[in-house]
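Biologist: Hello! I am new to reading protein models, and I keep hearing about salt bridges. Could you walk me through some of them?

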Amino acid sequence: MEFNMKQKHSKHKAKPYRQVAPVRKNEKFSKNYSYIQRSKQMEESHRKERVPALTGNNSFEPVADLLPELQNDVDQTGFYEQLVNGFNNVQTSHLLSTNESDGASVPAPVKTVERESKTPVQTNDDFDSYNSFSKRFDFDLSADNINDLISRKDATLIKSSWPAVGNLKFEIPRLDANAQNPDCSPPSGISNSSDLQKLEVKMSICAKVAYPLSALQSELFHVANNYQDLYFPHRTHNNAEEIRYMYCLHALNHMLKVRSLILRNNEKVAALAKSLKLSPNEISIPETFRDQGLKRMKVLFIVPFRESALKIVKVIGDLLFGIQDDQARKNSMANYERFLQDYSGNTIYFPKTNPKPFDYEQTFSGNTDDNFKIGLRFTKKAVSLFSDMNASDILIASPLGLRMLVTDKESDFDFLNSIELLIIDQAELFLAQNWENLLHSLDHLHLQPQKLPDTNCQRVRTWCLSGASSFYRQTLFFSSHELPEFRAVLNSKCQNYQGKVRVTNLVEHGDIRNVITPIQQVFRRINCTNVESSFDDRFQHFVKHIMPQFSKPGFSHCMLYVPSYFDFVRIRNQFKTDMISFVQISEYTKKEKISRARDIFFHSGASVLLYSERAHFFRRTRIKGIRNLIMYQPPNFPHFYSELINLMLESNQNPRDGFGDEMSVNILYTKYDLLSLSNVVGSENALKLTTGKKDSYLFSTKT
């Protein structure tokens, strides 16, 4: 867990955190929901009182009265009440048309469409039928449903196993006592256009997809297309492009469905206005035309680097316009040349003589700037890049770039109010950047707008007006491994009313099998009572039982590896207080000081090297002369475990240090480090380490 730290690869510092009170809290839903119900009752009463009774065979069903005009000086607490209240004194004369032959006022023959309760007949070849998309967003949650979702009551848990993904756990809220369990059996593959059309994908996309989709893509897309939250902690460099292609396909399909629905309803509203001989802004719009949120933006991608954003935009372009060269892409995507200049290049230099590990080169290839945000706006024939946030349909941003948008006092973040699809990719890299930036940004989704929206309130969905947008948001979360921080986001930030799907494959071996140094590794458990006290309990154990060794004569060449920078600073201060001989390397240490610290440590000039995990992540420095390795906590990046221990090979030792073959490895852990331990020693061994009766366990790679 990291604590408000500045970024390593950015020249811009995030502005100080400005606490914004999230006024649209869940406990206010019941009140807001009553506003919606009262407004509907008032609409019905106005219809009965103000529309004259019909005689003869004429059939007429009046549309709803106009919503009141919004005032500019509205306080935040009364914002939603004003949107749905105030139907009194609304003029309804526009509902009547004059019959010039007899001078009598008779109702204009206007038709309204009832909210669909059955599956209508398919009207075109693009699967515009009443599909899963329509069912999801036309469903209105009740106040009891909301309370059940918040308390996570009455959820159905279903386990399944699919060929490519592996073991899955479905958690489906039971909003209806008579609802049947969903089908969680393995889906069929996607090998051609007809397979995608059966899944209600827009035909304009189906023609551009690169077939066949892999088994992994097919299974993940089935989950995403069902609009359930997805947690997939098995992203690798080998399947990264497959996953990116899959979620770009789903995001684009969703975006085009939203746009098609709005454009169709725009045509219907225009026809209705024409029949009434009024402008579209003057008529009362039927309830069935509610198809929008308070803001335009619907899809949010959160990725770590500009290189990731570049790849996403290219995939979206390929799915929309097919494979194109850069010149053709400039015609179909506005500002594409500027985009290439800003988001490509700036690749880190990788040395040839002492090459970096493979995963390091894969992670840091391309533009690794972590401060960016770019909006995409869809038009009829093109996509506009670098569009204004309030006019964008899609936002691609890093956690830092998103936080800077949220904390910018000169502009608002209202565009985050109506996000319907959130995609978080490469989540493990956010730990090395600043995890707090991600949490801060997620806390500012679906909050009450600071300014009155320019959207026609008659077109806004009722659940959006009532403050329930977060329950209609789907989240796709991808990481390379499991950690408690990732599970916490899924459990506390994701409340999709259609449930969530978590991939639950056990770790069979762990990274310990990659250790080639013949050495014994001792795992020492620290007893603690709760999560909150585990930080202090770990530190006190370290001070009482580990630090006294540092003062013993002859003790030297010890690396202390600390994953959390908060703990790093705390230990460093304690070392200074106790006058421990040590050198330090953190992510903020300059190159000259790193070289000096390595030299002092190698030649026994300091007993301890204090080494932060983020320093290793960003540089992968090869530290030589390590005789004793102490991990203050299991590493957040599991492959660092074997990488650090393998630095203790005899070829990396100082032959004149006088220690011979003496070496040791100690790992401190608590029972709350279960997921981190699973990544290192495997799920079965991790369970034994956290629940066993002993406080220390020995693993050996000696032959």
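Modeller: Gladly! Let us begin with helix α11, which spans residues 336-343. D342 and R338 both sit in this helix, four residues apart, about one turn of the helix. Helices here are DSSP runs of H or I with at least four residues, strands are runs of E with at least two, and both are numbered from the N terminus. Salt bridges that share partners also join E241, R244 and K311 into one network.

Biologist: Before we go on, what sort of model is this?

Modeller: This is a predicted model, in which local features need pLDDT of at least 70 and side-chain atom pairs count only at pLDDT 80 or more, while totals for chains, interfaces and linings use all residues. Residues are numbered from 1 along each chain as its sequence is written, and side-chain values use heavy atoms, with hydrogens and water left out.

Biologist: What counts as a salt bridge, and how far apart are the N and O atoms for D342 and R338?

Modeller: A salt bridge is a side-chain nitrogen of Lys or Arg within 4 Å of a carboxyl oxygen of Asp or Glu. The side chains of D342 and R338 meet in one, at 3.7 Å from N to O.

Biologist: Are D342 and R338 buried or exposed, or something in between?

Modeller: Buried means under 20% relative accessible area, exposed means over 50%, and partly exposed lies in between (1.4 Å probe, protein chains only). D342 is partly exposed at 31%, and R338 is partly exposed too, at 43%.

Biologist: Which parts does the salt bridge between D318 and R329 tie together?

Modeller: The side chains of D318 and R329 meet at 2.8 Å, N to O. D318 belongs to helix α9 (residues 306-321) and R329 to helix α10 (residues 326-332), so this pair ties together parts that are 11 residues apart in sequence. D318 is partly exposed, with a relative accessible area of 22%, whereas R329 is buried, at 3%.

Biologist: And what is the partner of K330?

Modeller: K330 forms a salt bridge with E337, and their closest N and O atoms are 4.0 Å apart. K330 counts as partly exposed at 30% relative accessibility, and E337 does so at 45%.

Biologist: How many salt bridges does the whole structure have?

Modeller: A search of the whole structure finds 21.
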